Amino acid sequence: MTTNTDEPGTAPARTRRRAPAGAAVLREDVTEAIRAAVFEELAAVGYARMSIEGIARRAGVGKTAVYRRWRSKLHLVLDLVSAIAVQGLPAPDTGTLEGDLRLLYELTSRALRHPVASQVIPDLQAEAARNPEIADAMQKALREGQEGVASGIVAAAEARGEVRPGIDPDLALDLISGPLYWRSVVIRNPKLPKGYLAALARATTAALQAL
């Protein structure tokens, strides 16, 4: 018999895909509520003070619903950080290198200014200095998320003849991603000067073309 392990209100088993006998049915809406609660809890209290109890309370579920999905808060956070790497940012396709960079910076800036992200990212970076597992996950999430988009922008620019073929991909990634992350994550200045993103896109375009 299928075991329903989440809160009351689960639809009858006959309306769901049949699970192996004795298997736990983990409701996706509960899983998403827990994920959202983790980000909110991280922003509110930070990783060190975050607890499974606090996450469950914020998600409106019991602690067992959390533990059935993740065995600790570390594994929960690592899972979410890894998911960010998979999702990444949409690849701009404006038809010009400067236009692609401008759109990328607008999307990235908006994401970094989000109240939750602006609290969570610096906190996890600080925790990464003490926890190698979080450090590896953060590096993977931040690098892969930006690397995939940056390489696509550079490849499109090469195809259009805007940059020379075979430019150093690591240097290109540093030029594209470094300035905005420095201002948003390290300096943590929430308000960019007027025209900053357009000027940054022009300067980065010139730098990439000089490689």
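**Close-up views of a predicted chain**

**View 1. The loop position of Gly-46.** Apart from neighbours within four places in sequence, Gly-46 is in contact (heavy atoms within 4.5 Å) with Glu-41 and Asp-123. Gly-46 lies in the loop between α1 and α2 (52–59); helices (H or I, at least four residues) and strands (E, at least two) are DSSP runs, numbered from the N terminus. Gly-46 counts as buried because its relative accessibility is 9%, where buried means under 20% relative accessible area, exposed over 50% and partly exposed in between (1.4 Å probe, protein chains only). The C-alpha atoms of Gly-46 and Pro-122 are separated by 9.6 Å, although these residues are 76 residues apart along the chain. This is a predicted model, in which local features need pLDDT of at least 70 and side-chain atom pairs count only at pLDDT 80 or more, while totals for chains, interfaces and linings use all residues. Residues are numbered from 1 along each chain as its sequence is written, and side-chain values use heavy atoms, with hydrogens and water left out.

**View 2. Thr-31 in helix α1.** Helix α1 (residues 28–45) contains Thr-31. With 9% relative accessibility, Thr-31 counts as buried. Residues up to four places away in sequence aside, Thr-31 touches Arg-69 and Trp-70.

**View 3. The packing of α5 against α8.** The axes of α5 and α8 are 11 Å apart, and the two helices pack at an angle of about 30°. That angle makes α5 roughly parallel to α8 (under 35 degrees; over 145 is roughly antiparallel, 65 to 115 roughly perpendicular and the rest oblique). From α5, Leu-101, Leu-104, Tyr-105, Thr-108, Ser-109 and Leu-112 meet Leu-175, Ile-176, Leu-180, Tyr-181, Ser-184 and Val-185 of α8.

**View 4. Helix α9 and its cover.** The buried residues of α9 are Tyr-196, Leu-197, Ala-198, Leu-200, Ala-201, Thr-204, Thr-205 and Leu-208. Among the elements covering these buried residues are α5 (97–113) and α8 (169–187). The end C-alpha atoms of α9 (residues 196–210) are 21 Å apart, which agrees with the 21 Å that its 15 residues should span at 1.5 Å a residue, the expected span being 1.5 Å times one less than the number of residues.

Methods
Axes fitted to C-alpha atoms, helices over the stretch in contact; angles between N-to-C directions.
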